[in-house]
Amino acid sequence: MSVTLRIDGTEVEVEAGTSILSAARAAGIRIPTLCDSPRLKPYGACRLCMVEVEGSAPVASCHTPVREGMEVRTRTPFLRRLRRNVVELVVSDHPLDCLGCPANGACELQTVAAETGFRELRFPSPERGERAADASHPFLVLDMEKCIACARCVRVCDEVQGSFVLAMEGRGFGMRVLAGDDAPLSEAGCTSCGACALECPVAAIMDRGRIEHGTADRVVATTCAYCAVGCSLDVHVADDRVAWIEPRSNGSANGGHACVKGRFAHGFARSRDRLRAPLRKGGDGTFHEITWEEALDFAAARLTEIRDRHGPGAFAAISSSRCTNEENYLMQKFTRTVMGTNSIDNCSRVCHSPSAFALGKALGTGAGTNSFEDIDRTDCILLIGANPTEAHPVFGARIKRAVLAGARLLVLDPRRIELAKYADLHLQLDPGSNVAVVNALQQVCLEEGLYDEAFVSSFTEGFETYREEMASFTPERAQEISGVPADDIRKAARIYASAERASILWGLGVTEAANGSLTVFGLINLALMTGNFGKPGTGANPIRGQNNVQGASDVGALPNVFSDYRPVADAAAREDHRRIWGVEIPEDPGLTIPKMFEAALEGRLKGMWITAEDVAQSDPNTGHVVAALDSLDFLIVQEIFMNETAKHADLVLPGATFLEKDGTFVNSDRRIQRVRRVVPPLKGYLPDGDIVQEVALRMGADLGFGTPPDPAKVMEEISRLSPNWGGVSYERLERPGAFLQWPCRSPEDPGTSIVHKGGRFLRGKGLFHPTPWKGPAETPDEEYPFFLTTGRQLFHYNVGTMTRRTPVVELAAASRERLRIHPVDAERLGVRNGERVRVLSRRGEVEVEAEVEGSVKPGTVFMTFHFPETRTNLLLSSAADEFTGCPEYKVSAVRIEACARKAGE
Amino acid sequence: MSGATDPAYAWPLRTPHPGHETYLFDRIGIEGMADLETARAHGAYETFERVLEEMEPSEVTAAVKDSGLRGRGGAGFPCGLKWTFMPPLDDPRPRFLAVNADESEPGTCKDRVLIRRHPHLLLEGILCASYAMGITAAHIFIRGEYVEEARVLQRAIDEAYAAGWIGADIRGKGFGVDIHLTRGAGAYICGEETALMEATEGKRGHPRPKPPFPAAVGLWGKPTTVNNVETLCNVPAILAKGVAWYRRIGTQASPGNVLAGISGHVARPGVYEVPLGITMRRLIEDEAFGGGVRNGKGLKAFIPGGSSSGFLPPSELDVPLTHDDLKEKGTMLGTASVIVLDEDASIVRATRIIADFYHDESCGQCSQCREGTGWLARILARIERGAGRPEDLDILLEACANMKGKTICVLSDAAAWPVELALRHFRGEFEEAIDRARTVVGVAAGSGEGSAS
């Protein structure tokens with residue numbers, strides 16, 4: 001229902017319930033405010049936004065809803081006096097050191113002071129200078145002398161980030177913002193998202209980057225290169241360097257929010273140890289710098305030799321989910337056309353290949369079905385094997401907001417993760433037992449008739465067979481396997497099935513397991529039988545790990561498919577590619593990453609090109625990986641830092657970071673967004689795509705997009721060869737903050753927020769897959785009595801290559817690896833909190849500090865894989881998903897031994 | 001309970017007032033009224049039981065509406081009318097009654113007596129109101145400093161639960177309600193109805209912008225009615241003795257008895273149950289009540305209804321104690337808590353003390369209140385100290401004008417009124433203080449604090 005009113009004589013039509021302030025904004029009329037922020041609930045405190053309404057006393061426009069026929073005036077002499085008085089009041093409690101203030105020029109108090117004609121302060125100010133600024137945090141400075149008590153920082157911390165770290169304390173002149181239990185910010189449990197500083201209208205909470213730089217020279221809109229949420233960022237550049245980063249207010253994936261990594265952890269790009277020149281390994285095993293000419297010639301010569309002497313099958317490439325779509329496309333085109341093999345893979349192999357596989361089989365496309373926005377519209381979230389508040393913080397905050405607004409939450413995780421505290425039910429299952437619990441959830445729905453018969457009969461197939469096979473999997477059986485009480489499984493199934501709109505989200509805790517694909521099938525079955533597809537607030541969605549892991553696969557950096565998942569085995573697809581590429585493509589699928597290592601060890605694979613992927617640290621059973629790398633004749637590693645993998649290379653080529661190149665990323669919900677060159681590449685390194693083209697040229701081939709390759713032209717070719725990307729072009733992505741969600745099939749297609757709309761699955765009908773129970777490869781035994789499961793923590797990203805080269809490490813929580821162990825186990829082993837322990841598996845052993853705490857259950861320990869000095873992945877099993885080869889990172893059996901204490905300890 | 005020997009209650013609590021019935025304090029003198037057994041022996045819950053058996057919820061609301069009962073928390077809003085703002089009884093959402101026991105207005109301690117001496121009367125009032133409005137749960141928010149009262153009240157609640165007067169399906173009549181007690185932590189602002197709800201929810205006591213009003217979005221976002229302790233204690237009597245009986249007490253527009261507190265420089269300070277409409281003169285001077293200014297001194301000023309109602313001069317002593325008569329005098333009945341100042345008192349000092357209180361208690365949300373209360377306090381302090389400037393009185397009045405009607409709640413207004421009234425009726429005293437400063441110091445600008453501009 002809409003309401004028409006007049007504001008300053010202009011007729012405005014808005015939705016009923018809109019505030020006068022929002023209505024005025026919509027009409028382009030500015031009303032001065034200090035405490036209002038469009039993304040926060042009205043607060044009504046500064047009283048600057050008061051307006052005159054005919055027939056009533058003046059009202060605060062921010063929290064007064066519009067009424068039909070209302071006559072509003074926003075500019076009158078009375079209001080000017082009133083607002084000037086408010087400014088005078090606020091200024092009486094604020095220092096007047098504007099010239100030296102870091103907010104100078106961007107201060108909202110200055111703006112309203114100018115706007116209202118504030119000239120004179122007639123009132124006594126309180127004593128100042130009693131409160132020292134809190135400079136404990138590596139990225140934020142709190143100077144409460146400057147606070148004007150608008151509480152925007154507190155409100156954004158509560159309403160947007162859901163962290164509840166800040167609070168207003170004291171009254172009157174003594175009012176200030178308090179962090180935690182009156183702790184320094186760095187110790188207050190702050191997630192360092194920086195939203196508070198972004199909201200602060202003055203300089204009471206501020207980014208160090210802003211304090212250090214003043215105004216930026218320019219602002220470049222780009223997309224974050226950490227996780228797959230795909231936050232739009234505004235990079236503020238001063239002196240051709242990144243000065244500070246803010247989330248873009250119109251960013252579609254993040255809505256003006258960011259996390260500690262995207263917002264603050266950018267210093268790695270200027271780290272001193274960044275690779276600046278190509279390195280060639282000499283006969284003595286040490287690296288020496290060579291020129292780019294030498295390096296490119298050398299690479300081309302060795303690759304030619306391998307191809308010509310051993311055949312195309314002797315080469316394989318690992319492309320990077322950290323690089324752009326265009327670079328991945330170039331790499332797979334190079335591998336297929338120049339090297340003549342389909343052996344290209346990317347790290348989605350080791351993370352979400354089971355998701356892509358199962359979603360593709362059951363529904364017709366290997367990507368998530370719905371969008372981030374759908375979380376705002378769902379009634380129930382089933383979250384399994386994911387820890388979004390740490391690994392995908394901006395999305396995690398969104399889930400929290402949805403739950404605080406009333407959505408129900410079911411968490412299935414071996415650990416009591418932060419969201420488990422917000423959940424209706426936390427099913428704390430043993431690592432590796434996902435299939436059992438998910439099967440039982442399905443069984444309960446089938447048994448109790450909690451499924452949507454109409455949906456099942458109209459839009460799905462294979463139900464009857466499936467149903468018969470699942471019938472015996474009772475919650476009691478699942479309890480035996482997983483340790484989750486059968487009653488909790490029943491309750492969870494009922495909550496999920498009875499929700500009007502229910503959404504399933506999963507992460508690597510599901511897929512990085514020997515039964516990864518089976519669990520994904522099970523989750524899809526659950527959504528299929530309850531009709532939770534094709535409408536807002538529903539769906540089955542993997543939360544992808546890396547910034548462009550979706551895109552790397554989408555554009556064909558996979559051994560069995562071209563871009564848009566067109567199988568290389570499909571003659572028509574091969575023919576389309578032959579027509580445009582001008583060469584025949586082999587119809588046999590190439591090697592997956594684990595197969596590549598096997599082939600190398602067996603001597604079949606001679607040469608590899610690995611781009612921005614630290615397999616020697618991030619892949620499981622790293623001893624095996626390193627042996628494989630060392631058995632190669634020739635290994636190129638393209639990297640920004642000398643890492644574990646690069647150490648084994650024959651040639652190391654310095655690549656560029658996302659801040660130094662143009663391209664696109666695809667985030668977790670199929671959102672294609674632009675990455676822009678923010679700063680020029682420093683002398684010494686080339687963007688990764690340029691390197692591929694240069695090598696190709698030297699091998700007598702041209703990838704066809706110019707030298708250096710023009711990313712817009714690369715996108716044109718992707719679009720031509722990929723039906724679901726048919727409408728994607730740089731032109732449409734040019735506006736800052738623009739995005740397209742594939743499928744986007746024509747230039748007129750606005751893109752697809754929700755796939756499989758109205759039960760019309762891309763596959764035709766949704767297909768049920770029975771999921772027989774299959775356990776993990778390893779379970780605890782006498783010798784190795786603990787489950788070890790692994791994951792991420794908030795402040796670091798993957799193997800820490802980037803984050804560890806930023807001041808993030810100054811935060812205590814981010815400084816070192818810790819083995820989380822339950823107090824009961826610690827007591828039994830005689831391990832005290834903070835003591836060092838040895839963790840041993842059948843593959844290796846590491847030493848690490850123990851943190852005794854209750855988020856893990858007895859019998860399970862947890863570690864991250866962020867710290868090269870603690871090579872967690874040495875311990876992991878090399879078991880893998882039977883369908884996709886995705887390794888079982890999440891389940892290993894280990895033994896814990898206390899390290900000997902010194903006498904007297 | 002041995003209230004009679006409790007020094008805090010050495011004040012006379014009940015004074016026979018010839019020709020008038022008492023129904024709030026009529027049983028508080030009885031030893032042990034806080035115990036359920038004694039209270040039951042003296043009729044506790046009998047009215048509620050009869051209501052459950054004989055009346056429809058709508059009839060209860062109608063009776064309260066017809067009685068003309070006005071809220072006793074300060075604003076004097078018609079109680080029954082407020083109840084009708086709640087959504088219809090078939091609305092499936094939970095709904096709450098928030099009971100305001102955060103009695104913090106300086107000079108006011110009437111609810112304290114009711115809670116301490118006769119908690120079951122409050123609980124019975126809550127039960128009747130809950131029945132009328134279909135309340136799911138009632139949340140009593142009690143002032144943090146009322147430690148003993150909270151203990152007594154919690155015990156009464158526990159006893160009433162145990163005896164089946166509170167909880168599910170009371171007396172097998174199909175109606176149930178829970179009653180919870182939450183203690184404050186020492187902030188005056190939590191007596192403001194929306195701040196009270198925030199505090200009950202466990203948050204910092206910040207008033208909420210209105211609209212939405214509590215009947216639409218109240219405790220935990222659900223429909224809520226907020227009533228004061230004394231208001232609810234009126235309800236059982238209205239239901240027991242009838243609307244006609246009730247309306248015979250007090251005045252046409254302000255029916256019923258009120259608990260008037262008298263403090264300050266009087267001979268007999270205390271809390272008295274009196275009919276609305278009694279004159280200030282009688283309340284202060286009558287031997288049955290205040291007994292006149294103590295030590296035979298003359299009267300300089302009186303505050304009629306709690307600190308925010310400001311000072312009136314002796315010439316206004318004949319004003320009747322009703323909502324409308326006091327409003328006409330530019331003040332209010334408020335909590336009917338009279339504070340008396342004798343001829344030796346300094347209005348400048350008294351005003352500054354009140355200003356200090358509001359400055360200290362401003363929650364800090366709204367600019368005008370957070371900063372404005374500080375300005376009033378600081379300027380008044382410098383006048384009192386002998387550092388006042390001639391322009392200060394005009395600045396005070398302008399500051400007051402800017403603080404009224406422009407903020408989320410009325411604390412800002414409450415801070416401005418006493419200053420305005422003091423300047424209206426006693427401006428000479430302020431001018432004298434400023435003149436004296438100028439004579440002594442000889443310069444206009446005060447020394448020390450206050451040279452910020």
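User: At what angle do helix 5 and helix 9 of chain B pack, and how far apart are their axes?
Analyst: Helix 5 (residues 110–117) of chain B packs against helix 9 (residues 229–241) of chain B at an angle of about 55 degrees, and their axes lie 9 Å apart. This is a predicted model, in which local features need pLDDT of at least 70, side-chain atom pairs count only at pLDDT 80 or more, and totals for chains, interfaces and linings use all residues. Residues are numbered from 1 along each chain as its sequence is written, chains are lettered from A in the order in which they are written, and side-chain values use heavy atoms, with hydrogens and water left out.

User: Which residues make that contact?
Analyst: Helix 5 of chain B contributes Lys110(B), Asp111(B), Leu114(B) and Ile115(B), and helix 9 of chain B contributes Val229(B), Glu230(B) and Cys233(B), where contact means heavy atoms within 4.5 Å. By class, the residues of this contact are four nonpolar, no polar and three charged.

User: Switching to chain A, how do helix 21 and helix 26 lie to each other, and why?
Analyst: Helix 21 (residues 571–581) of chain A and helix 26 (residues 711–721) of chain A pack at about 150 degrees with their axes 11 Å apart, and they are therefore roughly antiparallel to each other. Angles under 35 degrees count as roughly parallel, over 145 as roughly antiparallel, 65 to 115 as roughly perpendicular and the rest as oblique.

User: And who touches whom there?
Analyst: Asp576(A), His577(A), Ile580(A) and Trp581(A) of helix 21 of chain A meet Glu717(A), Arg720(A) and Leu721(A) of helix 26 of chain A. That contact has three nonpolar, one polar and three charged residues.

User: Back in chain B, what about helix 6 and helix 7?
Analyst: The axes of helix 6 (residues 119–133) of chain B and helix 7 (residues 147–162) of chain B come within 9 Å and cross at roughly 60 degrees, so the two helices are oblique to each other. On the helix 6 side of chain B, the residues in contact are Pro119(B), His120(B), Leu122(B) and Leu123(B), and among those they meet in helix 7 of chain B are Val152(B), Leu153(B) and Ala156(B).

User: Which residues are closest to the centre of the second largest pocket?
Analyst: The second largest pocket holds about 1600 Å³ of space, and of its 43 lining residues the closest to its centre are Lys41(A), Asp158(A), Glu159(A), Glu198(B) and Lys203(B).

User: What is the lining like by class?
Analyst: The lining of the second largest pocket has 20 nonpolar, ten polar and 13 charged residues.

Conventions. Axes fitted to C-alpha atoms, helices over the stretch in contact; angles between N-to-C directions. Helix = DSSP H or I, 4+ residues; strand = E, 2+ residues; numbered from the N terminus. Nonpolar A, V, L, I, M, F, W, Y, C, P; charged D, E, K, R; others polar. 1 Å grid on protein atoms, 1.4 Å probe; cavity = no way out; pocket = protein on both sides within 12 Å on 5 of 7 lines; lining within 4 Å. Points joined across faces, edges and corners; volume = space filled by probe spheres on them.
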